[in-house]
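Here are my notes on the fold, written to be read beside the model. Please check each point against the display.

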Amino acid sequence: MARSELFAASVVDHGGSLARARALFPQAREPWIDLSTGINPHSYPFFDVPATAFTRLPEASRAAELAAVAARAYGVPAGANVVPAPGTQILLPRVAALVPAGRARVLSPTYAEHCRAAALAGHDVSEVTDFDDLFDADLAVLVNPNNPDGRVVDRARLLALAEAMRRKGGLLVVDEAFMDVGPTAESVAGDVEQGGPVVLRSFGKFFGLAGLRLGFAVAAEAVARQLAAALGPWAVAGPALEYGIAALADTDWQNDMRARLEREATALDGVLARHGLPVSGGTSLFRFLRTTAAAEIFDLFGRHGILIRNFAERPHELRIGLPGSVQETNRIEQALRTWSGIEPHS
């Protein structure tokens, strides 16, 4: 089987499966704490949506309003540049198919679905670790800030790459799933008409509503029309439209949440460092560790009913999401204390 076929056929563990966790650790403490996904544990407040959001097909005008609100939130030229979708996952193969099948290069290590989606679109897929290797691609893909290590590539370098892709009929795709908690000055969402990249933005991660299934492609208007046509009518469910419009317009909640997440990420860093586990990177929604004790820590947490993200292909790395309460932080502290022997206030 060719490498690209292997990518297309692969089944990827993304974390978030408590059924898998219970199978691995059947004697673990309950209830489980899921810190494996990088989703905000403090969701946008629930509210009542109109009954018509459930009983009627979504109105095109409401979808257009969501696109306009998202454009303002992400610094995009206009709503016509924004394509709402039922999560960014469904967009990946459609975006990869915007250019003829050729050489796809994905800056890795990163979110594994980009390789799989490019292979499904017929590309010859390779993972590269050097940014400059992306210039050889017909389809260049990177995540910014990166998952799982939080690496950030400067906007100027991205625009240079986008222009190189545009000149040869290729495409740069920048997945900004975590840019809500990243350095927004490095976002290229506002450059889609000039530079020609396609940008992906996630809703569920920052707003803590992953089950709502909402995400966006941001692109030049002509490309956005092409993607919207591929999705077809009623792509986003009525309740998702309502939550997206409300949450993306709520700048006070967003600003308060960013400050809260920064405080809580710093606090988690302190807990980990106190037990000999310094953080190597990440964002304020997840922390990234490199340690030779990664397998031991994954097993330790699992036995204490705490699911974190490990990586079979990179056995010395871990990703840990933010705990959602003092009680959950205390569970982390208790688990680590049995490993390090260090009392929390010693």
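**Notes on the sheet and its helices**

1. Start with strand β7 (residues 198-202), which four bridges join to β8 in an antiparallel run. Serine 202 stands opposite glycine 215 in β8. Strands here are DSSP E runs of at least two residues, helices are H or I runs of at least four, and both are numbered from the N terminus. Two strands pair if DSSP finds at least two bridges between them.

2. A word on the basis. This is a predicted model, in which local features need pLDDT of at least 70 and side-chain atom pairs count only at pLDDT 80 or more, while totals for chains, interfaces and linings use all residues. Residues are numbered from 1 along each chain as its sequence is written, and side-chain values use heavy atoms, with hydrogens and water left out.

3. β8 also pairs with strand β2 (residues 82-85), antiparallel, through four bridges. Alanine 85 stands opposite glycine 215. Proline 84 faces phenylalanine 216 in the same way, standing opposite this β8 residue.

4. Which way do the residues of β8 (residues 215-218) point? Gly215 and Ala217 point one way, Phe216 and Val218 the other. All are buried, meaning under 20% relative accessible area with a 1.4 Å probe and protein chains only.

5. Now the whole sheet. Seven strands form an open sheet of mixed pairing, in the order β2-β8-β7-β6-β5-β3-β4. β2 and β4 (124-128) are the edge strands, each pairing on one side only. From one strand to the next, the twist averages 20°.

6. Two helices to inspect against the sheet. Helix α4 (residues 60-74) packs on it, touching β2, β7 and β8, and its direction makes about 115° with that of β2. Helix α7 (residues 155-167) also packs on the sheet, touching β5 (139-143) and β6 (171-175), at about 145° to the direction of β6. Contact means heavy atoms within 4.5 Å. Axes are lines fitted to C-alpha atoms, for helices over the stretch in contact, and angles run from 0 to 180 degrees between N-to-C directions.

7. α4 also packs with helix α11 (residues 238-249), at an angle of about 25° and with axes 9 Å apart. The two are therefore roughly parallel, the term for angles under 35 degrees. Residues in the contact include Leu66, Val69 and Ala73 of α4 and Leu241, Ile245 and Leu248 of α11. The contact residues divide into ten nonpolar, one polar and three charged. Nonpolar covers Ala, Val, Leu, Ile, Met, Phe, Trp, Tyr, Cys and Pro; charged covers Asp, Glu, Lys and Arg; the others, Gly among them, count as polar.

Technical notes. Buried < 20%, exposed > 50% of the residue type's maximum accessible area, 1.4 Å probe, protein only. Parallel < 35°, antiparallel > 145°, perpendicular 65-115°, else oblique.
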